[in-house]
Amino acid sequence: DPSAVKGKTYAVGTDTTFAPFEYRENGKMTGIDMELIRAIAQEEGFEVTIQSLGFNAALQALSSNQVDVVIAGMSITDERKATYDFSNPYFQSGIQMAIAENNDSITSYKDLDGKTVVAKTGSEGESYAKQHASEYGYTVTSVDQSSTMYEMVKSGNADAVFDDYPVLAYGVSQNNGLKIVTPKVPHGEYGMAVNKGKNADLLAAIDDGLNKLIASGEYETIVAQYLGADG
Ligand code: GLN
């Protein structure tokens, strides 16, 4: 019953730097996910406290009931559905590879032999990178934050990064020093997650609020604000 959430406060776990979905601007958490969850909360009459924990830490906090819900550009996967219940999908995404802007020696996965690839702990980008590591002969290093991954690639401590393509594309458009050289790998959609079998009222309220934001055009306004009208 979505109306059971009215007047309640829920703890929301999220990533630290995953622009344009969540990142800090003037000290405040902003981005598509942040605006969405705040707009849904307002629509449905509940309050949120946002905890910027990091992706893997947010999932752990959810598993141990330290947060009620995670919104973190989190891909809906069958494996995760064993542990979490997801909202309706709200954004189509997938994985892509980026390298340093000034690197002309890598133009495909085949050029990764003997190289180091960085990915985010616990992410779909990490599992994709690991799945193809022996095929292409690279080593995978995992870190907790997208900003660290990009710094490592720019400084030469890693040769390439696997991350979600809307996030890589946004970073490149902000001149983050990287470039994209391989095709997108479509890989599911983002959803908000609660612990399996827990917080069914909250999940119902989230779906209800999301539907309302889509119907009113506010969802599209939020996305367009960060990604332009084609986002
Ligand atoms: N969409 C990816 C996943 O769910 C990455 C999420 C993230 O890094 N915040 O694994």
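Trainee: Which residue puts a backbone N or O atom 2.7 Å from a nitrogen atom of the ligand?

Mentor: Keep in mind that this is a predicted model. A polar contact needs a pair of N or O atoms within 3.5 Å. The pair you describe lies at 2.7 Å, and the backbone atom belongs to G73.

Trainee: And which residue has a polar side-chain atom 2.5 Å from a nitrogen atom of the ligand?

Mentor: Start from the shell, where the closest residues are G73, R80, K120, E124 and D164. The side chain at 2.5 Å from a ligand nitrogen is that of D164.

Trainee: How much of the ligand's area does the protein bury?

Mentor: Taken alone, the ligand exposes 300 Å². Of that, the protein buries 100%.

Trainee: What is the volume of the cavity where the ligand sits?

Mentor: Searching the whole structure for cavities of 30 Å³ or more turns up 1. The ligand sits in the largest cavity. That cavity has 14 lining residues, with F18, F55, G73, S123 and D164 the closest to its centre. Its volume is about 110 Å³.

Trainee: Which domains does the ligand lie between, and why?

Mentor: The shell around the ligand holds 13 residues: 5 nonpolar, 3 polar and 5 charged. Both domains give residues to that shell, so the ligand lies between domain 1 (2–90 + 191–227) and domain 2 (93–187).

Definitions and conventions. Residues are numbered from 1 along each chain as its sequence is written. This is a predicted model: local features need pLDDT of at least 70, side-chain atom pairs count only at pLDDT 80 or more; totals for chains, interfaces and linings use all residues. Side-chain values use heavy atoms; hydrogens and water are left out. A residue is near a molecule or strand if one of its heavy atoms lies within 4 Å of it. A polar contact is a pair of N or O atoms within 3.5 Å; within protein, one must be able to donate a hydrogen and the other to accept it, and residues adjacent in sequence count only if both atoms are side-chain atoms. Accessible areas come from the Shrake-Rupley method with a 1.4 Å probe; for residues, only the protein chains shown count as cover. On a 1 Å grid over the protein atoms alone, a cavity is a set of points where a 1.4 Å probe fits but cannot get out, and a pocket is an open set with protein on both sides within 12 Å along at least five of seven lines; lining residues have an atom within 4 Å of a point. A molecule sits in a cavity or pocket if more than half of its atoms lie within 2 Å of its grid points. Ala, Val, Leu, Ile, Met, Phe, Trp, Tyr, Cys and Pro count as nonpolar, Asp, Glu, Lys and Arg as charged, and the others, Gly among them, as polar. Domain bounds come from an automatic or database domain assignment. Grid points are joined across faces, edges and corners, and a volume is the space filled by probe spheres set on the points.
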